[in-house]
Amino acid sequence: MTTYTRPTRSPLQKFLEKSPVHVAIVFMCLVWTFPTAGIFISSFRDPQAIRSSGWWTVFAHPFEFTQWTLQNYYQVFAAQGMASAFMNSLIVTIPAVVIPVTVAAFAAYAFAWMDFPGRDFFFTLVIGLMVIPIQMALIPVLRIYTSTGLNGTFLGIWLAHASFGLPLAIYLLYNYISQLPREILESAFIDGASHFTAFTQLVLPLSIPAIASFCIFQFLWVWNDLLVALVFLGTSPDVAIVTSRLSDLVGSRGQDWHLLTSGAFITMAIPLTVFISLQRYFVRGLLAGSVKG
Amino acid sequence: MSLQSNKTPQSLADILTLAPIRLVASLIVPVLTFIIMYWSFNFMNDKEAPKLLVMLVGLFIGIFGVWILYWSTDNLVSWLPTENLRQGVRPFVFVGPAMTMLVTFLIYPTFNTIYLSFKDARSVNFVGLQNYVFAFTSPDMKIAFVNNITWLIVVTTGSVMFGLLVAVLVDRVSYEGFAKSLIFLPMAISFVGASVIWRFVYAYQPANRPQIGILNALLVMFGGDPIGWLIERSFNNFALMAIMIWLQTGFCMVILSAALKGVPTELMEAARIDGANEWQIFFSIVIPQIYGTIITVATTVAIAVLKVFDVVFVMTSGQHGTEVIANRMYVETFRNRDFGHGSALSVILLIAVIPIIVVNIRNFREQRKSN
């Protein structure tokens, strides 16, 4: 019986052996980044230049600084109402993330550590609601809103987004909170802590990772949403958010690529930043099993 | 925050002095909170109010108001006479608000939508199954059904296959993290943003002018004629599906990559020693090991695809044969103001996800049993 020894290879040899893998990965990465790169580069080009030559032609002379301009951003911010839409997006998004995470944390704690009649039934309900298409809610909620005057107000869209995000929030936080070591909580109760103290002083600080990953989900979902905003907020300039503004621009200025490219990049700037800086939490949340309806 | 009242007051003096104050406080605080919240809801409802102020009030109520509400109701419960009663009521302080929101915004609407789907456009008269007859027979809807099914098949398999491909490939290189981030990045981009991005990729100019869309530029470079990707009926649907695949592949990759790393290496080593090649290892060891994850990922993508709206709405508004159910639902409800048609289409989407709901619930039950 001969012993099999692998021939020793130089790093270069190893690299070349894997070259089909490298080529395939680089190709995929290029296909996945090129579309976004096109928008990004074009948004800094002169409107005339965008119309008359492909954006990739700038690679022939990237350091001709006269071809770059911030005019597009200025125009889309000032003249096309993107500045106020950006503000509106922030106004819509922040409370629409904070409210559901608080409400869900309390509920998740109760489901995990308190005993009450109907607990299993309610939790099953929450799981069932996770994948309900939000289309099911639009018409009745709109009718409620029209009769209470909540239609087209920020409060209305906060409550809608908060509620639509709740099932996923409760599920994610429950998965995390119910796995906390039982001894920690029991010793707190022995020391006379109430549920409220145990929740605020102990469970909440320990659950920060799960809370963070839900916040990122909800942030991306609310900021990037178009449907809920169209239905409950509308497209009038004083309340329109960036996605509905951009979608309007596609309809009304569909060939003005200087506006569309810079507008698109404005809508993407914040989610991309959040995403890149907090990717770790986001991935953790994904792996904890998140499906949203 | 340790203003707690589970513990009974120690001495008589405590009971005489502290108890009434605390009882009054725990009654007044919730009442005040409710008044402030009520006032602020009216304020936030006011369309004339300055936006920034509305947001600040909203944030304040959203963070502090909600907390004070929980805290003060919890405090109120502490004044209930018996321990049994306190323990019985307290859980509902914790879950009550969440359940109220779910009932108002999801459960009641679900039943209401089913009910409205049997009524006419203005929700006045019963029309029986007429809305469903429309949903299954009108020419637009037939296109929508065929398209939705094509979307489901193409996008789900496409995203899962590309996701798996990338996950397997990057596992073998040193720059795994970087490559994954690039593929993953579109997940942060909105459907509307992605639509604009791809509209630029598909941009069309007549043959005698320079192409500014990269796809047509490549086509012309290789001697072809530029194509109106979004208008040509034979492939405009696939042009839209490509956007969704581009968006969803990153999600599939992350989950599948984690599953791949969980496949025991001893298993693969053993197969390798037995002389299996990489392909055999992949198909007869790795795939069976991660099969469950593949199904989960495919289901998640399928749910997202089923409700696809934004991409179609922004790119084509469902014209040129690209209609899908969710876009039709929006158009029927909010452009044509036909709540009957809109509700029926929503119910059809609901019926499509019911099997998934059932499986989710069953999985959860089993998981709980095994714990």
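In which helix of chain A is A:N224 found? In this predicted model, A:N224 belongs to helix 11 of chain A, which spans residues 208–224. With a relative accessibility of 10%, A:N224 counts as buried, because the cut-off for that class is under 20%. Leaving aside residues up to four places away in sequence, A:N224 touches A:T243 and A:P271 in chain A, and B:A188, B:I189 and B:S190 in chain B.

Chain B contributes 113 residues to the contact and chain A contributes 123 residues. The area that chain B and chain A bury between them is about 10400 Å², with 79% of it on carbon and sulfur atoms. On the side of chain B, the residues B:F94, B:F105 and B:F200 supply 7% of the area buried against chain A, which is more than any other three residues supply. Across this interface the rule finds zero salt bridges, whereas a search of the whole structure finds 14 salt bridges over all chains.

Within chain A, the domain assignment gives domain 1, made up of residues 11–52 and 64–74, and domain 2, made up of residues 76–287. Ten residues from domain 1 of chain A and twelve residues from domain 2 of chain A take part in the contact between them. The C-alpha centres of these two domains of chain A lie 33 Å apart. About 1000 Å² is buried between domain 1 and domain 2 of chain A, and carbon and sulfur atoms give 75% of this area. In domain 1 of chain A, the residues that lose the most area to domain 2 are A:I39, A:N72 and A:Y73, which together account for 47% of what that side buries. The count of salt bridges between domain 1 and domain 2 of chain A is zero.

Chain B has a mean pLDDT of 85, and 93% of its residues reach 70 or more. Over residues 1–9 of chain B, however, the pLDDT is below 50, although this stretch has 19 contacts in the model beyond near neighbours in sequence. Where pLDDT is low, predicted coordinates should not be read in detail.

Several of the salt bridges lie within chain B. The side chains of B:R90 and B:D74 meet in one of them, with an N to O distance of 2.9 Å. This pair links distant parts of the chain, since B:R90 lies in helix 3 of chain B and B:D74 in helix 2 of chain B (residues 51–77), 16 residues apart. B:R90 counts as buried at 4% relative accessibility, and B:D74 likewise counts as buried at 1%. A second pair is formed by B:K261 and B:E176, whose closest N and O atoms are 2.9 Å apart. Here B:K261, in helix 9 of chain B (residues 236–261), is linked to B:E176, in helix 6 of chain B (residues 176–184), across 85 residues. B:K261 is partly exposed, with a relative accessible area of 45%, whereas B:E176 counts as buried at 16%. In a further salt bridge, the closest N and O atoms of B:R328 and B:E323 are 2.8 Å apart, and both of these residues are buried. Salt bridges that share partners join B:R328 and B:E323 with B:D140 and B:E332 into one network.

Phi of B:S317 is near 50 degrees, a positive value in a residue other than glycine, and B:H320, which is not a glycine, has a positive phi of about 55 degrees. B:S317 counts as partly exposed at 36% relative accessibility, and B:H320 counts as partly exposed at 34%.

Notes. Residues numbered from 1 in each chain as written. Chains lettered and ligands numbered in written order. Predicted model: local features only at pLDDT ≥ 70, side-chain atom pairs only at ≥ 80, totals over all residues. Heavy atoms only, no water. pLDDT = per-residue confidence, 0-100. Contact = heavy atoms within 4.5 Å. Buried < 20%, exposed > 50% of the residue type's maximum accessible area, 1.4 Å probe, protein only. Domains from an automatic or database assignment. Buried area = accessible area lost by both parts, 1.4 Å probe. Salt bridge = Lys/Arg side-chain N within 4 Å of Asp/Glu carboxyl O. Helix = DSSP H or I, 4+ residues; strand = E, 2+ residues; numbered from the N terminus.
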